[in-house]
Amino acid sequence: MLVQAILKSKATDSVVTVEPSSTVSEAAKILAEKRIGTVIVSEDGGSTAIGILSERDIVRELAVSGSSCLDQTVETYMTRELVTATRQETVQDIMTRMTEGRFRHMPVVEEGKLIGIVTIGDVVKAQLTELAMEKDALQGMIMGH
């Protein structure tokens, strides 16, 4: 299965973005309201990703700096070195990279443009769907259908 199939199966293909000058508090509010785990940091409203900020990033900084970090800008704590995928990559490939990198969200970028985001939950769901289809096909073959 390819990343493209995951993007097609998602309820929405929109990616939630914030500007680098947004406060961490504003980003945290968006994360809570939308019930998501990460926001993409973009200067142009979402076509180009310059970073990513996750719930984990915020919690880690809260533990170190306390609540004062909430008044800082997103760009202060965002991850700048993005690990990205393309639509043509396999689910297995990105699952491996997410597991090895210990992160749960991967922007999908093609020709420098942000086109979506894939989560570890999306990847697991895709793998389970694929396994169920294989199981059904094998049962059909065994039963002569």
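Buried means under 20% relative accessible area, exposed means over 50%, and partly exposed lies in between, with a 1.4 Å probe and protein chains only. By that cut-off, buried residues make up 32% of the 145 residues in the protein.

A word on the source. This is a predicted model: local features need pLDDT of at least 70, side-chain atom pairs count only at pLDDT 80 or more, and totals for chains, interfaces and linings use all residues. Residues are numbered from 1 along each chain as its sequence is written, and side-chain values use heavy atoms, with hydrogens and water left out.

Overall layout. The protein has 6 helices and 5 strands. Helices (H or I, at least four residues) and strands (E, at least two) are DSSP runs, numbered from the N terminus. Starting at the N terminus, the order is α-β-α-β-β-α-α-α-β-β-α. Along the principal axes, the C-alpha atoms fill a box of roughly 65 × 35 × 25 Å.

Now strand β4, residues 105-110. Of its 6 residues, 5 are buried, so β4 is largely enclosed by the rest of the structure. Its partner is β5, residues 113-119. Two strands pair if DSSP finds at least two bridges between them. Here 6 bridges join β4 and β5, and the strands run antiparallel. What stands opposite M106 in β5? V118 does.

Next, helix α2, residues 24-34, which holds S25. S25 counts as partly exposed because its relative accessibility is 37%. S25 and L70 are 45 residues apart in sequence, yet their C-alpha atoms are 4.6 Å apart in space.

On to G66. Where is it placed? G66 sits in the loop between α3 (55-65) and α4. With a relative accessible area of 25%, G66 is partly exposed. G66 and V124 are 58 residues apart along the chain, and 34 Å separates their C-alpha atoms.

Last, helix α4 itself, residues 74-77, where E75 is found. E75 is partly exposed, at 35% relative accessible area.
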